[in-house]
Amino acid sequence: MSTEYETVIGLEVHVELKTKSKVFCHSTTEFGGDPNSHVCPVCLGLPGVLPVVNRQVVEWAILLGLALNCRIASFSKFDRKNYYYPDMPKNYQISQYDLPICLGGHLDVEVDGTRKRIGITRLHMEEDTGKLVHQGTITTTPYSLVDYNRAGVPLLEIVSEPDISSPAEARAYAEKLRQIIVYTGVSDGRMEEGSLRCDANVSVRPRGATQLGTKTEIKNMNSFRALQRALTYEVERQIEVLEDGGRIVQETRAWDEGQGVTLSLRTKEEAHDYRYFPEPDLVPLVIDPAWVEEIRSRLPEMPGARAARYVEQLGLSAYDAGVLTAEKALADYFEDCLALYPEAKAVANWIMGDLSRLLNAAGQSVDRSRVTPERLAGLLRLIDQGTVSGKMAKEVLEVMFASGAEAAQVVKERGLSQISDEGALLDVIRRVLAENGKVVADFRSGKDRALGFLVGQVMKKTRGQANPDAVNRLLREALREQG
Amino acid sequence: MVKLLYQKNIAELHELLVRREVSAVEITRSVLDRIDRVDGKIKAYVTVTREQALAAAQAADQRLAAGEATGPLTGIPMALKDNMCTRGVPTTCSSRILANFVPPYDATVVERLAGAGAVMVGKTNLDEFAMGSSTENSAFFTTSNPWNPETVPGGSSGGSAAAVAAGEAVFALGSDTGGSIRQPASFCGVVGMKPTYGLVSRYGLVAFASSLDQIGPLTKTVTDCALVLQAIAGPDERDSTCAPDPVPAFASALTGDVRGIRVGVPGEYFGEGVDPRVAGAVQAAIDLLAAMGAEVEETSLPHTSYALPVYYLIAPAEASSNLARYDGVRYGYRTPASDDVVDMFMKSRSEGFGAEVKRRIMLGTYALSAGYYDAYYLKALKVRTLIKRDFDRAFSRYDVLVTPTSPTLPFRKGERTMDPVAMYMSDLCTLAAPLAGIPALSLTCGFVDDLPVGLQLMGPPFGERTILRVAHAYEQKAGHWRRRAEGAWEQ
């Protein structure tokens, strides 16, 4: 009988903050730009320059720390992490070593209906590095190009406790963390663009063992899916090694998305001695508790609380509330619509249904949609006024989504408006009655279903633009008059 | 005897300028001519910025002619140690690795001096990256002491001190990490001051040891020192370690009166390793201060002997990290041929740095390494605190402390280059002040064998006014400042 294993995972998540300027200078953090155009003497590490901390970075570190239930240090400092690599202008990274700004938080995640609390060891501030471009590897390429546009962009590193016990749990933790990061507004948390990066420490041990197994560190996981796949692979690999009587080597491994495997990058013997020491160019941070409280008061409503409010105050289902609050942008959009058109259920249905379908198909985020809350509310009002039917509104929304036009304009331009003009409808009805004498006779003899046929005929003649309610009412009146 | 323009000090030249008796261009030409005449022998300068200097002097004359408000430094020719960044002018740190480096920006002190109308005539020689006590570690050449060209000018700001002493600049800026302003000031017979850590912005000063480095003036008189310090001191948003407080007026402290000033004389600074002739000159100065009405008392700074080992752990540790950026990737020297990126790093640095710089990078890297950090670097930080406490205690009882600046007279070139520890010993008396972050000034207190002896005055943090007051009163009474470094070598 084979041994049963348990998995121990800890995650290190790096978040790029969307401050306007870099963490220690005034250079812009904007994405793109020509290589080495978003730089200055400070982030290029020229001789004689000095870093000065961007206050916004400290503030956002505290904000995110509070959102993750951390304790905010009253005394914190920066340290230098020394290692040579050409993407680092100074050949040291300014980071935080033994006195990080936030400590001891937690995050609750849910996997398969089970709730679990994952501890957060620490959250600290540091600077990002530049980017290297070369052919093959850095040691074999004939030359490398360096772009320092990202060098000095502020990062927060969030280190979890080794509380995570499955790849699915790791993914749930990472997704929940991203949700909170985006909610606090400190980062857009795009894993594919690298503004959110995730490394994992993984080990396995026979169930019940008290000592932790030897861990490996997994890097290069560029999506939540990749995170789960990589960890699933790595756990299986480790178990296989142990089952074969082997030993786990403490090492750093990279996830290869194409091959679906993790590959050894470097072993512990090659590991760096970073020679951390206090950054003498910066003064320690003494955090005023009043400032922390002021930041706490600005903490936005977190997704859980927001969903609960939708259920209690707006009468939405728990499922709908969950979907709407999954992304802050979607919940914000929902509330913006609600302010203009206060029918929660209707708004929720349109957002979760047709609009989400269009957004997904286009790969667009709701905050960049051309159907603004004003325009969606405008469409819903046209439905209420009977100008368009629900079915027609779906078509109208598609046009609005593609063109960015107002609902009323689309209706007008396409001639989609319902025929509610009673005179025009009566003409059509009279013609239909004249053409269908037998059906009219059937109706009079008590066959109610005949009315449906007549309505259908009217709709056909009006190419579906007649207001169905009006047709029904006018038909009954006409039949009564004739009889 | 009538002094030539280049021989005059800031205060004298300012008088002449405001009375329109001479122009800034005439003063600048006088200094440039002096450089032409003697710098072949003294070798104070790495770069002379002749055209730029004359243009700046002309601009100063225009401001003076227009009757604009001008400060005491307007139109005064000065020199900068070549580890302060100057936009468009090479900043070499007297190192092969930065020999071709031209900064795209000015250091804060450079901006402030330019704003005050001072005229930069050039950049002066130093021990490579300010590591040394004689300028013999310059990758380019050794500067000569104007009092005796066979001896060293001290270091690392030896070029700046020699330039002022030889009349090749009316004043200069130096940087002090373990004595690099004060020891050359002592050797060259000029006034040199290391201000309180944080009084002067370090932005644009190429870092050696960030927690110790401080820029300060090298001048002909204490009054000039106060004037230059006033121009460069003060808060700077580009340097977080710079004190945010407004700067007091320094010149008004120069009352000429030391009555009631409490002077402490720490016995540890007069012991083994101190040349008795130096100790004698310093004792004479102390006696004079007492005669002038200062209350002199012997005292003790018990942790003094630890300053040297503590300094040679902390300064190299910071240097090992500060100098990591010189890798040939973005600027500076790059080896012409290499196999890969690691090879390029190693060759560029091996070929670009001199022996002393490499020695300190190795010392510092070792002190910070895993397994040694606690025993060396962390222990050194703790002892640094003890040294600071010695001073805190002393300054609860004394306004200033008086010691020799250098334990010896200027030594002969080559005498100590093969013995790094003997070289380190020449900073014995100057290492503690930067470790404690306190201000200290050196001025001439006598001559032995026609070589100047320096007196060091130390004060509590931001106690510059008191130090300047005592130094000024002593200088005026003793009169050594009148003696100029001119000798047979000039003919």
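Two residues are taken to be in contact if their C-beta atoms, placed from the backbone, lie within 7 Å. The structure is a predicted model, in which local features need pLDDT of at least 70 and side-chain atom pairs count only at pLDDT 80 or more, while totals for chains, interfaces and linings use all residues. Residues are numbered from 1 along each chain as its sequence is written, and chains are lettered from A and ligands numbered from 1 in the order in which they are written.

By the contact criterion, 37 residues of chain B touch 28 residues of chain A. On the chain B side, α9 (307-322), α10 (341-352) and α11 (355-368) each contribute at least two residues; helices (H or I, at least four residues) are DSSP runs, numbered from the N terminus. The largest share, 3 residues, is that of α9(B). This side of chain B comprises 19 nonpolar, 9 polar and 9 charged residues, where Ala, Val, Leu, Ile, Met, Phe, Trp, Tyr, Cys and Pro count as nonpolar, Asp, Glu, Lys and Arg as charged, and the others, Gly among them, as polar.

Domain bounds come from an automatic or database domain assignment. In chain B, the assignment gives domain 1 (5-247 + 472-490) and domain 2 (308-372), with C-alpha centres 28 Å apart. Contacts link 21 residues of domain 1 of chain B to 17 residues of domain 2 of chain B. The domain 1 side of these contacts holds 11 nonpolar, 8 polar and 2 charged residues. Chain A is divided into domain 1 (5-291), domain 2 (301-414) and domain 3 (422-482). The C-alpha centres of domain 1 and domain 2 of chain A are separated by 36 Å.

Within chain A, the axes of α9 (residues 373-384) and α11 (residues 407-414) come within 8 Å and cross at roughly 55°; axes are lines fitted to C-alpha atoms over the stretch in contact, and angles run from 0 to 180 degrees between N-to-C directions. α9(A) and α11(A) are therefore oblique to each other, as angles under 35 degrees count as roughly parallel, over 145 as roughly antiparallel, 65 to 115 as roughly perpendicular and the rest as oblique. A:Arg375, A:Gly378, A:Leu379 and A:Leu382 of α9(A) meet A:Ala407, A:Ala408 and A:Val411 of α11(A).

Helices α12 (residues 422-435) and α14 (residues 449-461) of chain A pack at about 125°, with axes 10 Å apart, and are therefore oblique to each other. The contact involves A:Val428, A:Ile429 and A:Val432 of α12(A) and A:Leu454, A:Gln457, A:Val458 and A:Lys461 of α14(A).
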